[in-house]
Every structure is written in structure tokens, then in C-alpha cells.
Amino acid sequence: MGKRIVIALGGNALGSTPYEQLALVTETAKPIVDLIEQGNEVVIAHGNGPQVGMINLGMATAAEAGAIKSDMPFPECGAMSQGYIGYHLQNAIGNELAARGLQKDVATVVTQVLVDENDPAFRKPTKPVGAFYDKATAERIAAEKGYTMVEDAGRGYRQVVPSPKPVDVIEKNTVRALISGGCVVITVGGGGIPVVRRDGKLYGTPAVIDKDFASAKLAELVQADALVILTAVDRVCINWGKPDQKSLAEMTVAEAERYCEEGHFAPGSMLPKVRAAVSFAKTGGQAIIASLAQAGAAVRGEAGTVVHL
Ligand SMILES: Nc1ncnc2c1ncn2[C@@H]1O[C@H](COP(=O)(O)OP(=O)(O)O)[C@@H](O)[C@H]1O
Ligand SMILES: NC(=O)OP(=O)(O)O
């Protein structure tokens, strides 16, 4: 019998420019459609770090140059990134389904995700977004734009913004209805547009939610059988980057929590994936971290790292 699977797509599934992205998602669609063809219900979440930063910086630069009237706040940038990444995924998955003679609707839901305005994350920006820069360029942009820039896991310097934890998915009933109607749904893109509730109303707030945490929340809310976090490595490793590096086929929640405390996973890259997998596994679901190419094998339990109770 098919499973209900929430897939979280990482940066390597999308690339970092619209042109790269359009070419890459054509490939990304193949393992996703394999899962659909095997009878699974698939819900897709994705990152937006490079894209949301690019939109924000581009709009700020255009506004400073007088080419447009205003900069673009982060919630709106998040919504724009959901729209254009969703369009590419819809297009690529739709084309791949049609090429295989499969009939299915594919739809993107512009999704708001509730966060707590007292979340301590608002006082300490940690989420890397946008392009990678060398140190000198990062320092210049920080001085010009007032951005906070940090070194990101040995890959260069990037802007960081607050990243509060997801509390609820506002459009969850719409997502559930679309899944029940047989639709392939793309939702919580970029972790969702962060919103806070004040006096019963929702307001966008400048932040970027981690898509792995939002995907785990979504998987819980749609009662998924599995959360599959797809990234660039086949398996999670302990002693990452050291001579005694070891890849893991599985971890219990307790083991994963111990490895997190021991610092085996880089903050801003593997650490949120493992923590998100732990949070979904604690609800009784199956959480898997695997490479995009091995998505099908990971769902069959033949690849990736499974995190379980
Ligand atoms: N302990 C670890 N095991 C495996 N990969 C790790 C580990 N620590 C850091 N990484 C790095 O984290 C990367 C995944 O994070 P990232 O590239 O930010 O994800 P995303 O696919 O969501 O963009 C891997 O490709 C790998 O380079
Ligand atoms: N929003 C988010 O987590 O994006 P990335 O996965 O691209 O960092």
C-alpha cells in the first residue's frame, strides 16, 4: 500500500539562480514522480535560502538605485520565492507525469506558518540566506545594508536572519483537502511565510523559517507516514570531515539527540535536518535523511539514514 510522504527538498534540488533551478527541477521531478507512480501520496516542501536572499537584496538594490519605489520586506520575499519555486516544480512534475502517461493535478499553496513573536530566535539571527560571499565582499555588504553576515559551514560568508520555530501551518486544512483529492501539493515553501498572531489577526514578520523544521511540522499535521529530507549526501555521518567519519543507516531518537549534543552535525546545514527528523520521529512517524538520487530506495528502507523511536 502507498504511503503519505512529505518530501523536504534541499538546495541541491533547486540550485541558486532561476535558470539553474529550471534545469535542475527537471531532474528533481524524476525521483518524485517515481514515488507517485509507486502509489504514494506526495507532499513537497522546499528550501528558499538562496532565493529569498536574492529577491530581498535585488529589490533593496533596485530601490536604492531609484528603479523601484520600495524595498521588499522578508515575508513578501518569502511569498515570491514560494510562487516562483512552486511554478518550476509544478511545471517539471506536471511534465514528468504527462511523459509517463499519469493523470494528476499539481498545485502550489502559498503558505503562512505561525511563529511565536516571543521566540528567542528573533533576538539572534542564525539562518543563512542569499549568496555566498568572500570575507571582504561580505564586510562591504554588511556595512552598506546593515545586514548581519556570518561564515556558513566552511562554504563562504552569507547574510543571516532570525529563524523562529514553526508553531502551526495556517493553510493546513486546504493542504489536507488537496491531498485527499489526489493532488500533488507543494507547500510550506521556504519554511512558510512567517506570521505572528496579534488580537486574532495574522501579520507577516521578517524572518526565514527553517524548511526542515516546517516540513516536520507539516508531516505531523497531515499525519504523514514518512518525512523524507532530501539533500546532497547519501547518509548522515558522525565525525563528519574527520578521518574516522562514519555514515549511519539508522539512529534512534536518543542516539540522534546525543550526537547533536556532541556536535557531530554542522549548525545551519545537517543539524536542523537531524533535529527536524527527531521531532517527527517523536510523533511516531518515520523520518529519513537521504540524497535526492536515492529518494525511492530511502522510502523502501534501502538508503539514507532512518531516525526512529
Ligand atoms: N554530520 C554530517 N553528515 C553529513 N553531512 C553533513 C554533516 N554535517 C554537515 N554536513 C553537510 O550538510 C550538508 C546538508 O546541508 P545543506 O547543504 O545546508 O542542506 P540543503 O540540502 O537543505 O541545502 C551536506 O551536504 C553536508 O555537506
Ligand atoms: N528556508 C530554508 O530553510 O531554506 P534553505 O533550506 O534553502 O536554507
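This is a predicted model: local features need pLDDT of at least 70, side-chain atom pairs count only at pLDDT 80 or more; totals for chains, interfaces and linings use all residues.
Biologist: In what order do the strands of the eight-stranded open sheet follow one another?
Modeller: Strands (E, at least two residues) and helices (H or I, at least four) are DSSP runs numbered from the N terminus, and two strands pair if DSSP finds at least two bridges between them. The pairing in this sheet is mixed, and the order is E3-E9-E2-E1-E12-E16-E17-E15.

Biologist: Why is one side of E3 and of E15 left without a neighbour in the sheet?
Modeller: E3 (106–108) and E15 (250–252) stand at the edges, so the reason is that each has a single partner strand. The twist from one strand to the next averages 20°.

Biologist: Which residue in E17 stands opposite Thr 252?
Modeller: E15 and E17 (residues 305–308) run parallel and are joined by three bridges. Opposite Thr 252 stands His 308.

Biologist: What angle does the direction of helix H8 make with that of E12?
Modeller: Residues are in contact if their C-beta atoms, placed from the backbone, lie within 7 Å. Axes are lines fitted to C-alpha atoms, for helices over the stretch in contact, and angles run from 0 to 180 degrees between N-to-C directions. Helix H8 (residues 270–281) packs on the sheet and touches E12 (226–231), E16 (286–291) and E17; the angle with E12 is about 170°.

Biologist: Which are the edge strands of the three-stranded sheet?
Modeller: This open sheet has the order E5-E7-E6 with antiparallel pairing. Pairing on one side only marks the edge strands, E5 (127–133) and E6 (148–151).

Biologist: Which strands of that sheet does helix H4 touch?
Modeller: Four bridges pair E5 with E7 (residues 157–161) in the antiparallel sense, and Lys 127 stands opposite Val 161 in E7. Helix H2 (residues 49–64) packs on the sheet, touching E5 and E7. Helix H4 (residues 135–145) also packs there, its direction making about 160° with that of E6, and touches E5, E6 and E7.

Biologist: How many polar residues does the shell around ligand 2 have?
Modeller: A residue is near a molecule if its C-beta atom, placed from the backbone, lies within 6 Å of it. Among the residues surrounding ligand 2 are Gly 10, Asn 48, Val 208, Asp 210 and Lys 211. Ala, Val, Leu, Ile, Met, Phe, Trp, Tyr, Cys and Pro count as nonpolar, Asp, Glu, Lys and Arg as charged, and the others, Gly among them, as polar. The shell has one nonpolar residue, two charged residues and, as polar residues, seven.

Biologist: Is Val 188 buried or exposed?
Modeller: Val 188 has a positive phi of about 45° although it is not a glycine, and is found in the loop between E9 and E10 (193–198). A residue is buried if 20 or more other C-beta atoms, placed from the backbone, lie within 10 Å of its own, exposed if 12 or fewer, and partly exposed in between. Because 33 other C-beta atoms lie within 10 Å, Val 188 is buried.

Biologist: Is Asn 239 buried or exposed?
Modeller: Asn 239, not a glycine, has a positive phi of about 55°. Its place is in the loop between E13 (237–238) and E14 (246–247). Because Asn 239 has 12 C-beta neighbours inside 10 Å, this residue counts as exposed.

Note on methods. Residues are numbered from 1 along each chain as its sequence is written. Chains are lettered from A and ligands numbered from 1 in the order in which they are written. Two residues are in contact if their C-beta atoms, placed from the backbone, lie within 7 Å.
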